[in-house]
Amino acid sequence: MNHNRYLWLLVSFVLFAERLQADDVAFYLEEIKPVLKARCYACHGALRQERSLRLDTVPSILDAGILGSGKLLSRITSPDTEVRMPPDGDPLLPAQVDAIRNWIASGASGPDGEMAEDDPRNHWSFQPVMRPSLVSVSDMHPIDALLYVKYHRYGLTPQPEAPRLTQVRRLYFDLIGVPPEQADMETLQGDMHVTWYEQLVDRLLNDPRYGERWGRHWMDIWRYSDWWGLGQELRNSQKHIWHWRDWIVESLNDDTSYDEMIRQMLAADELYPEDLGKLRATGYLARNWFLFNRDPWMDEIVEHVSKGFLGLTMNCSKCHDHKYDPIQQVDFYRMRAFFEPYHVRTDVVPGVSDLVQDGIPRVYDGLLDKPTFLYIRGNEKTPDSSMVITPGVPKLLSFKPIQINPVMLPVSAWQPARRPWVLKAYLDAAREKCETAEGVLRTVREQQESSRDEDQTNGFRLRLAELDLSVAEAELDSIEKRATVLRLSWRRDEKPVNREKKDTAIRSERHLSLLKARRTLLEAEMRLMQSSEEGRKTITEEIKQLQKSLDSAVQKAEEPIGSDELMTPIVGAKWTPTRFLDSRKDDPTVDFQSQSTGRRSALADWITDRRNPLTARVAVNHIWMRHFGAPLVASVFDFGRKSDPPSHPELLDWLASELMDNNWSMKHLHRVIVTSAAYRMSSSSIGGQDNRKKDPENRYWWRRMPIRLESQVVRDTILFLSGVLDRSMGGPPVLPEQQDTSFRRSLYFFHSDNYRNLFLTTFDEASVKECYRREQSIVPQQALALTNSRLIQDASKKIAQSISQTLVVNEDRAFVQKAFAWILGIEVSESEQKAALYALEKWGNLPGSFRETAREQLIWALINHNDFVTVR
Amino acid sequence: MRITPPVNIRRRTFFKNSAMGCAGMALASLLQRDGYAKEGEWVAPDGVSHFTPKVKSVIWLFMNGGVSQVESFDPKPMLNRYAGKTIADTPFADVQDPKKLAIERLVVPDANGNQRNQLFPLQTGFRKHGQSGIEVSDWFPCIARNVDKLAIVRSMWTTDSNHGAQTQFHSGRHRNDGDFPTLGAWIHYGLGSLNDNLPHFISIGKREYWNKRDGHYLGPAHDAVPLRIDPDNPLDFSDPEQPVPVAARKIGQELIQRLNILRGDEYPDDPAIAARIASYELAFRMQKSIPEVVDFSGETAETKTLYGMDQPHSKSFGMQLLAARRFVERGVRFVQIQHGAGGAGSWDAHSGLKKNHATNALAVDQPIGGLLEDLDRRGMLDQTLVVFASEFGRTPGAQRSDGRDHHIFGFTVWMAGGGLKRGVVHGATDEIGFHAVENRHYVTDIHATILHQLGLDSRKLELPERKRLDIDHGSPITEIIA
């Protein structure tokens, strides 16, 4: 055993020695430097210089004098975890230590002129956005001109424009998420106007389906999710969160600027406290609500505000300083402090007083003085309570001081019952209840008169209906009286509330409780009468209790009203109760406040400041990726030092400037992008063999990239082509049990962490936890869904019919040509035509088959064509 | 199929850079198999073991809700002796030392996160079985008959004392850490299938409570394919929802492939076309082969009885296990079977443990015993690893009058076959089955053991941008490896 071991050591030493002789610099570069970089640079490199030590070049290692003294080796091999380096994670592997030892022993060589790690402040994405001066190449589109620089440098020739059908289908999918109508397709095919394309772009950008299409993209990035929990218990996100989705769609259609959208999502409650429409935007924050624990809630906010808007992975600095970027651990908590005060509530909307039915989930600062503490090593059980962390941003990005000014809120924001529609909603609901009860009573009476049956149950029914009406009337009365008191109190803020009116309201409420108690009792008595022998005992027991409740309600109704007795308020909003304290019941209410801290509007102001180097770059990268199928910066949520630099930095900056210089208008940017020649290019590489050799990855965009359609677009397109897609917009989500038979667009489907639609999931549905980039998988389950689902089978019939109807001469050749054009955007080739006609003939020859069924089969096959789910 | 390489690499770097970090999706592995992958770049695993594997397949039996260790495979007579006593008043008071309880990570508090102080006696008897003389409770007579085939690990621990531990048992991560790939996904990712007509990773039985997905950052291609034991409807969209003549289908399938190939001529650099053609081929093959696997008409009555299919209480689980054997026979890598769906899991005996466990054991005992015997007599047990597990154990103390609560500090998992020692017990809990005290193992040690037997090194599988911690990898339990 030992013998072998020595032999092995000897052999490895010989190997090392040989190797070092051959190329000891290469040994450093291949074996030593990567280890130092991975394990040591975070503290001893450009990011930080703990103990003034840098290990990023050989000269700096030598200067530190840690080799000769043996200090480096002793620190990396120390068994004492307090001494051992690196302090975090596992010790270096024995093989790595051996390599370092050998490298030192052979003289610690390094390459000549070794460059130190660049200063993190010089990292490209932290530099201000500068509009590049364009080398003017005649009247070339700026995007093409910027791409041209690289074409020129690498000797590439861009591919020609894609065929018109391809361009039309591409533009429709890209801008509105459905293909053109068959007739539109044909018109566009023959449109001879020079500006046909530009006109089409304008038409599609003004189509309300643009908001639905791009809304879904931003819902991916902003983590839209319907609520989920256990059974009916709300644990994550919010009920009625769809209001935020509608806000996204509407804002995009209105071309609300990107910076304004960020401001509204982060701080509409401070900026527009009385505008219910804009308050919907804060669903962005309300979606992160989590019933049980504040810490994961805050963690997610910090992580996704920084990843989504800024392309920073601040989540990496929760437990320790960031290993790659100049972000300290404290910065994580400073970011959290912006959000520390906020909670979630639901506001009454006009026309609906019942918050279970509807309401707008939104945020407000409820905990104005809640301190934020740094958690030692990220552990929530060990907060460092010696210092309260104040809101702030990483030092490197503090191009201006963060100004936090508390916001005084209008009274209707924190006493929302004062909003004009609130009392009206309650009164209307109560009146409607009365009308319903009257109707029921009338029906019961009529039935009983006509039947003249002296059944005992009938007697109960009648009495119940009468009592229901009384309850409804009492409820209306109670609300009217309370509304009166409220109105008076608002009119004379300073004076004590009119005592007499208040007492009347309280008496009315007492009367209501009494009637309700009577009603419950009567209902139990009816059950007793209908009950079987064995059930009677429990019901009798229940009735005894109910009688007691009624007695005390009667007694209460007669008692004099105490001077400090309060009436039940009518609420215009309700706090969404949390359960952070392990008390098995809701936490104490977090009250609405007359002011807000102003923290979130300060953060929004900093994020959307023109000087912020990240916001616009991150946004245009997202937009570019969705137009082109691949981003300019590959790691779309990480623009930090770990990411690969952009393939076209000038293009990225030009797009970012273009966005900001045009008031952050996204429609402007879409228009600019889709009218470039690059966008309109063919995705085929045919004819570009030379390009392929020079740039096989298509890194420099000499051709377009095909895109797999997103799950929602696949389903929407099938419904659209069958002519059944429901064009109605907005509103509550389509619930799971209704989805199979629904014709609504897929973005309206209920979609949460617990529930995802089966068909959509097959095509890479967005994960609600994180989806900065949709996956584009190709798996057999997709084939099964597209070949076997009823959705496709039904659609094939309808599509075949509608194409057949447009044929002037009813022949298969024309059918095939039209079907390829409309369904796939393909001008059918001779060989495709031949294959399709051959199949049609074979189908037609099957027993029991005829022309139309054969055509349905062909449509079915085309829906299963690779290009059906592809944007070419 | 004539699709010309080279592959477009940008599409592949997409896997590396996408938000979920999803590497090696089906496309990548298809390309890999077709020899289209390029040198130099980091690439997804190639479906070849890192070292010589001992087993081909895994049958993973997961009992949802938490099986009581003391009334199954780790009987503790001390509970009878001290029944009704408060733990603090017994010689075992130190088990509740707060330091020893600190591993618990209870983030979502509910009614079940408490210590149960009053010791609850065993609700069934136990006796020694087989040559090994290992003690097994009387609720599992058929598994007990096969005890000499088992390697029992009595010293498991975990950290989430809610049913999120179900996810944790499969992924190694507490649910508050986010979503991580499960063991089956890693194996699928590393090895792929032995059979191109079947999915590589199959899930049978409802998954209600714990996360329904497996691949997570490895991508959805590594999710288990959920199957039902119903020859008429074994998987989602497996058959046309409206009937279509077979002949018509065949014409259509040929046309689809033909048109895609033609399209490939126009777009020679689009790897998606090749991948889509391959995915359709697999889909068409799966449609034929899966119903055949779950059609038991070729099995003898004796075999069906062996799996308990003649008894109403064990029929359903027996069918699942027989299907599992048939899938494994045909080369499926990982068959994940969940027992006891509904709520938090049917083994979750907060009250009425006696009736609960007796009923559940009756449903699974005969089928599992039968599976072990059937695999053995067919010579398959050496190449198949059977795992029996639940997310945690149950408290030695009573909850209410007659139940046991969740218990993370010590519980039992057993494995059988697959190059493991047979008839051995490894690790131990203390005398009342509270803490794992000897050879303690976190759940990922089970994963590491299984991966090791499959010839995989989890450190070689991990993605460069998704470095895993040591505890995520776990260590193989070498003591039970033959």
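**A friendly note on chains A and B**

1. In chain A, 69% of the contacts with a separation of 6 or more join residues 24 or more positions apart; two residues are in contact if their C-beta atoms, placed from the backbone, lie within 7 Å. Please keep in mind that this is a predicted model, where local features need pLDDT of at least 70 and side-chain atom pairs count only at pLDDT 80 or more, while totals for chains, interfaces and linings use all residues. Residues are numbered from 1 along each chain as its sequence is written, and chains are lettered from A in the order in which they are written.

2. Chain A has 34 helices and eleven strands. Both are DSSP runs numbered from the N terminus: helices are H or I with at least four residues, strands are E with at least two. The C-alpha trace of chain A spans about 110 × 85 × 65 Å along its principal axes.

3. How many of the 872 residues of chain A count as buried? The share is 44%. A residue is buried if 20 or more other C-beta atoms lie within 10 Å of its own, exposed if 12 or fewer, and partly exposed in between, with C-beta atoms placed from the backbone.

4. Now look at α33(A). Its 16 residues should span 22 Å at 1.5 Å a residue, and the end C-alpha atoms are 23 Å apart, which agrees. The expected span is 1.5 Å times one less than the number of residues.

5. Which residues of α33(A) are buried? They are Glu832(A), Ala835(A), Ala836(A), Ala839(A), Leu840(A) and Trp843(A). These cover an arc of only 135° around the axis, so they sit on the same side of α33(A); the arc is that of the directions from the helix axis to the C-beta atoms. An α-helix has 3.6 residues a turn, so residues three or four places apart point the same way.

6. The buried residues of α33(A) pack against α32 (812-824) and α34 of chain A, together with α8 of chain B. On the face turned away from the buried side are the exposed residues Glu830(A), Glu841(A) and Asn845(A).

7. Pro847(A) lies in the loop between α33 (830-845) and α34 (851-863) of chain A. Pro847(A) counts as exposed because it has 6 C-beta neighbours inside 10 Å.

8. Finally, the two chains meet: 56 residues of chain B are in contact with 57 residues of chain A. On the chain B side, α8(B) gives the largest share, twelve residues.
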